[in-house]
Amino acid sequence: MPVGAEDFSKGLNAYRGGDYAAALKEWRPLAEQGNALAQFALGFMYDEGKGVPQNHAEAAKWYRRAAEQGHASAQNNLGVMYGTGEGVPQDYVEAVKWYRRAAEQGNAHAQGLLGAMYDEGKGVPQDHAEALKWYRRAAEQGDAAAQYNLGQMYRTGQGVPQDH
């Protein structure tokens, strides 16, 4: 069992039971010691205001720590923050960087968001073929937004032959 796994599980059980204070008590020390799961969880708590005052800058700090260790969901969430400008300055190039890292690990939400960035030319040059590639990967994993966007590309013939 990885170091801290038992404490993380205690925190997860507390969180699921709505005892956010107990979850925080278990997760904060682990997060401060470098545990990526606990860092992501702490980021999520700050992002949602669960057991702590909602603070997007604090959420971004914890997401970044986990993201830099390769945590795909933290990478995705940090990308979202850069895309929207919550907790960090809005920066589409930075958003794309984090989406790509998560997308390459198979995170369907990040794949769909990366597709949208290529589709709209935000943070990257507009490239419908690249958008199609990422939408398809996300759609094949069941991401509903990506499925819709992929359908729209076929409906309009953007990046693919039109096919109703």
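Which residues are buried in H5? The legends below take up this helix and its surroundings in a predicted model.

**View 1. Helix H5, residues 72-84.** The buried residues in H5 are Ala72, Ala74, Gln75, Asn76, Asn77, Leu78, Gly79, Met81, Tyr82 and Gly83. Because 10 of the 13 residues of H5 are buried, the helix is largely enclosed by the rest of the structure. After H5 comes Gly85, with a positive phi near 80°.

**View 2. Cover over the buried residues of H5.** This cover includes helix H3 (36-48) and helix H4 (56-67). Helix H6 (92-104) and helix H7 (108-120) also contribute to it.

**View 3. Ala95 in helix H6.** Ala95 has a relative accessible area of 0%, so it is buried, the limit being under 20%. Apart from neighbours within four places in sequence, Ala95 is in contact with Gly79, Tyr82, Gly83 and Met117. Between the C-alpha atoms of Ala95 and Leu78 there are 7.3 Å, although these residues lie 17 residues apart along the chain.

**View 4. The largest nonpolar core, of 50 residues.** The residues with the most contacts inside this core are Trp27, Leu42, Met45, Tyr63, Leu78, Leu114 and Tyr135. H3 supplies the largest share of the core, 7 residues.

**View 5. Surroundings of Met45.** Leaving out neighbours within four places in sequence, Met45 is in contact with Tyr15, Tyr20, Leu24 and Trp27, as well as with Lys50, Gly51 and Val52. Both Met45 and Trp27 are among the core residues with the most contacts inside it.

Conventions:
Residues numbered from 1 in each chain as written. Predicted model: local features only at pLDDT ≥ 70, side-chain atom pairs only at ≥ 80, totals over all residues. Heavy atoms only, no water. Helix = DSSP H or I, 4+ residues; strand = E, 2+ residues; numbered from the N terminus. Expected span 1.5 Å × (residues − 1). Buried < 20%, exposed > 50% of the residue type's maximum accessible area, 1.4 Å probe, protein only. Contact = heavy atoms within 4.5 Å. Core = buried A, V, L, I, M, F, W, Y, C linked by side-chain atoms within 4.5 Å.
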